[in-house]
Structures are given as structure tokens and as C-alpha cells.
Amino acid sequence: MDAVSSPQSADQHSHLVQPQAMEWQKTRFPGCEAKTLLFDRGTGLMTALMRFAPGSVLPDHEHVGIEQSYVIEGALVDKEGPAQGIACKAGEFIWREAGSRHAAWCPDGALILAIFQVPNKFFEADGRVVDAAGQDWDEAWGHTAAQRARRV
């Protein structure tokens, strides 16, 4: 697990994460920053606080697993895709099925608690499919898709 945390005691298996003490990390998407609260590389499970500047866009991507977002401040709007125009506002929760694809926009900025089963696939203009860090998706995450297929 990559998040900055510490077990409260070895026998409790509880990990306290203090986001207020963490620095916001820039992403490759302009206006988007994150604080990773939980990250399990083996399964692809990630929980993060995401902060979006006004007008920022999370470009065309596919949710490989279920994606969940609770909007704390602002709004998360589907800019493109089948649900174009749907807006999840502060105090609301939205989840997306595995395989859903869209581009997300935060017209006035947003603070979101995001939970992913597997990192998203981002579709680049040159045809490449990458993860949020810009790495080839199959090389970085293909093992998680193979694990999921074996469980089915």
C-alpha cells in the first residue's frame, strides 16, 4: 500500500491516513491534483482526494472497474460520452460501471473523493492507451485484468 499511513497497532490492522498533513501531488492533467489515501498496486485499488481547478478536464477515459466519486465541493460534469451533461454536485455521489467511458469536466472546480478498482485507461490522440501517469496501460496494469479474468 503506497499511501502515507501507519498501523495504529500491529494486531488491529488499521491504518490512519491524515490527508491534511499530505502535499497535493500534480498529475499530468492541467488543474488536477491528488492526495492518494490508499493504493494497492497488486489489485489496482485506489482511493484518492482529487482537487480540480475551475475549468479543468479529465480527458477521454474508460473505467476498467467500478469507479465511485463523492463530490465534496463543486461539480463533476460529463463533458463527452453517453452521459454527456450529467452533473454530480457537492454532497452527491456517482458511480460508473466497469467499461464506462467519458471525459469529465469541473467548470467551477471541485474536491472529490474518488475510489477506483483499477486505474482508468486514457485514450491519447495518437491512438495510445495509457494510465493516468501516461504509462502504457497493458504494461502497467495488464496483470490486474488477467487476475480479474481468472476470478470470473
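A: Let us start with a term: buried means under 20% relative accessible area, exposed means over 50%, and partly exposed lies in between, using a 1.4 Å probe and protein chains only. Trp-141, for instance, is buried, with a relative accessible area of 3%. Please keep in mind that this is a predicted model, where local features need pLDDT of at least 70 and side-chain atom pairs count only at pLDDT 80 or more, while totals for chains, interfaces and linings use all residues. Residues are numbered from 1 along each chain as its sequence is written, and side-chain values use heavy atoms, with hydrogens and water left out.

Q: OK, how many aromatic pairs are there in the whole structure?
A: A search of the whole structure finds two. Rings of Phe, Tyr and Trp (its six-membered ring) pair if their centres lie within 6.5 Å, and planes under 30 degrees apart count as stacked, over 60 as edge-to-face and the rest as tilted. Phe-29 and Phe-122 have ring centres 4.8 Å apart and planes at 35°, so this pair is tilted.

Q: And where in the chain do Phe-29 and Phe-122 sit?
A: Phe-29 is in the loop between strand E3 (25–26) and strand E4 (32–40), whereas Phe-122 is in strand E12 (residues 121–123), so that the pair links distant parts of the chain, 93 residues apart. Strands (E, at least two residues) and helices (H or I, at least four) are DSSP runs, numbered from the N terminus.

Q: Are those two buried or exposed?
A: Phe-29 is buried, at a relative accessible area of 7%, and Phe-122 is buried as well, at 2%.

Q: What about the pair with Trp-141, how are its planes set?
A: The ring of Trp-141 pairs with that of Phe-39, with centres 5.8 Å apart and planes at 75°, so the pair is edge-to-face. Phe-39 lies in strand E4 and Trp-141 in helix H1 (residues 137–151), so the pair ties together parts that are 102 residues apart in sequence.

Q: Which charged end sits over the ring of Trp-141?
A: That of Arg-41, which is 4.4 Å from the ring centre. A charge sits over a ring if NZ of Lys or CZ of Arg is within 6 Å of the ring centre and within 35 degrees of the ring normal. Arg-28 likewise lies over the face of Phe-122, at 5.8 Å from the ring centre.

Q: Switching topic: how many disulfides does the structure hold?
A: It holds zero, a disulfide being a pair of cysteine sulfur atoms within 2.5 Å. For Cys-32, the nearest cysteine sulfur is that of Cys-106, 8.0 Å away. Cys-32 is buried, with a relative accessible area of 2%, and Cys-106 is buried at 1%.

Q: Last one, what does Arg-96 join up with through its side chain?
A: Arg-96, which lies in strand E9 (residues 93–96), has a side-chain polar contact of 2.8 Å with Asp-78 and another of 3.4 Å with the side chain of His-102. A polar contact is a pair of N or O atoms within 3.5 Å; within protein, one must be able to donate a hydrogen and the other to accept it, and residues adjacent in sequence count only if both atoms are side-chain atoms.

Q: Buried or exposed, that arginine?
A: Arg-96 is buried, with a relative accessible area of 8%.
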